[in-house]
Amino acid sequence: MQHTKSSATSASASTEEILRAVSAVQKEAIEFLQRIVAIDSTLEKGESDVQAVIYSHLKQLFAGDEPDDGQSSKEEDTRTSFTVERIPVKMEDIQNKPGFSPVDWNYDEYKFNVVARSHRHPARNKDADNIHRNAQKSLILHGHVDVVPASNEDQWTSPPFAPRIARNRMYGRGAGDMKAGVVAMIYALVALKTLGYSPSGDITICTVIEEECTGNGALACLSSLIPPAANHEENGKTRIAVIIPEPFPFITTAQLGVLWFRAHVTGKPCHVLQTSAGSNAIEGAFALFSALKVLEEKYNDHDVRRNIPGAAAYTDMDHPINFNLGRIEGGNWASSVPSNCWFEARVGFFPGVDIEDVKRELESTLHEAAEKIGLGLEISYRGFHAQGAVLLPEYVDGLRANNKKDAASLQTEFVQVLQQCHALAAETVELPPSNEEQNCDGKSDMRKDLPLLPITCTTDARFFSPLHHDPEEVVVTCYGPEATNIHGIDESVCLESMRHVTATIALFIRDWCGLIKD
């Protein structure tokens, strides 16, 4: 849709119009989802191919909306244009920033994020204030395009990078985590565009790399998304909402901290005839991890948790903290006692616990255990150095804190608008004819009420949380389509749930940012 020379007026699309527009673009959205799920965007293969496809698609969808300078120089113009750009991830720009995770790979021209930004052209007539009544609210739609490896491909029903649709679910690595969410946030704007509407407030679409291992992609473009000093307009602050459509069909209130480490264990080699004369590094590695499991139980102990404010978000969970032994390698001969072994593990911890304290306790536990059994040990860090974060402090227990009296707070307004839009999106809409069954396993999760819950993993949401920003200026949550087996075999996403989330985001754009009829 190319704009012609005209002025825009304030407008509001009806809920029914938006829901029908979303249903109308669903087929195109599914086709685009198939296209990007088919691209292997693991860390090993790289994210550049899928980012290049998204970049081109966003340019095709939105960049053509930018009016000629000559047209807009003298006209009363309230139209919204988009610019689409690649944001490179550069080590020198991020390595000293809070939230950086250490890596042992290079950042080159193939490591980049994609950002599409709307630009408002303020009205010059007396109705400008009415047209841009929501101009002091902006929205960031943020998603990651990297996926975890698809191991055990022979156990998949179909190849992980050959997306398959059955019973209105799409199967494939990354379909749920989180390429369907990326498609939903893009096609929410596409649906509004087909109706001839543009957002009044600023909107940014951001797709990033390395969410599954570092978060350095989000870190690299954070300052351009939200400047260090909060955006201020002549009439006050800009209130920024951030929605990350991860595969959680609820409003996320908190997330755990995550630390990755590698332990290199050295023993004493010998022939199996003299096993007692040597020390088995592989057996030693399991002994060391067993010591860590004792630490895991300590972290989950309710008496310990009472002294950690952020742990209050997990009151209803008996065992939210998990340590995972993810990789192990060692030895070189079946009849030789192995003298070397390394393993990589993931450690979780509550919001409010400093990651440096976690590292000290981790190292102390492992070194003490290694010394007792006569093993050498070196510990290094590669990957996640992610602090835990309470995303919605006013809702730390899933309900609004009773001692918060300001009914107009940013968090309260954000949660209420998102819940209302989710409920409206659940309204029955006549779907276009389809040969596919309009049925999803797990469709019952797409209920009208939208609960508030914590998660036991980490996401890029931490970079938009109170860890980095004033919660009265920036608010963030994860909310997205229902998915199954993420990180597992036969990962899938409910396509009806993707439509539901697309509609919710489109309605949220209307109610949060406002719309302009071109």
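Visitor: What percentage of the 518 residues of the chain count as buried?

Guide: This is a predicted model: local features need pLDDT of at least 70, side-chain atom pairs count only at pLDDT 80 or more, and totals for chains, interfaces and linings use all residues. Residues are numbered from 1 along each chain as its sequence is written, and side-chain values use heavy atoms, without hydrogens and water. Buried means under 20% relative accessible area, exposed over 50%, and partly exposed in between (1.4 Å probe, protein chains only). Of the 518 residues, the buried share is 55%.

Visitor: How many helices and strands are in the chain?

Guide: Both are DSSP runs numbered from the N terminus: helices are H or I with at least four residues, strands E with at least two. The chain has 12 helices and 25 strands.

Visitor: Roughly parallel or roughly antiparallel: which describes α1 and α2?

Guide: Helix α1 (residues 15-37) packs on helix α2 (residues 48-62) with axes 10 Å apart and an angle of about 155 degrees. Axes are lines fitted to C-alpha atoms, for helices over the stretch in contact, and angles run from 0 to 180 degrees between N-to-C directions. Under 35 degrees counts as roughly parallel, over 145 as roughly antiparallel, 65 to 115 as roughly perpendicular and the rest as oblique. The pair is therefore roughly antiparallel.

Visitor: Which residues of α2 meet α1?

Guide: Contact means heavy atoms within 4.5 Å. From α1 come Glu-28, Phe-32, Arg-35 and Ile-36. In α2 they meet Val-50, Val-53, Ile-54, His-57 and Leu-61.

Visitor: How far apart are the end C-alpha atoms of α8?

Guide: The expected span is 1.5 Å times one less than the number of residues. For the 20 residues of α8 (residues 281-300), that should give 28 Å. The end-to-end value agrees, at 29 Å.

Visitor: Which residue caps the N-terminal end of α8?

Guide: Follow the backbone nitrogen of Ile-282. A side-chain oxygen lies 2.9 Å away. That oxygen belongs to Asn-280.

Visitor: Which elements do the buried residues of α8 pack against?

Guide: Those buried residues include Leu-288, Phe-289, Leu-292 and Tyr-299. Their partners are β13 (257-266), α9 (302-305), β15 (323-330), β17 (340-349), α10 (355-372) and β18 (376-380).

Visitor: Is Asn-168 buried or exposed?

Guide: Asn-168 sits in the loop between β5 (164-166) and β6 (169-171). Its phi is near 65 degrees, positive in a residue other than glycine. Since its relative accessibility is 6%, Asn-168 counts as buried.

Visitor: In which helix is Met-178 found?

Guide: The peptide bond from Asp-177 to Met-178 is cis, with omega near -10 degrees. Residues 175-194 form the helix that holds Met-178, α6.

Conventions
A polar contact is a pair of N or O atoms within 3.5 Å; within protein, one must be able to donate a hydrogen and the other to accept it, and residues adjacent in sequence count only if both atoms are side-chain atoms.
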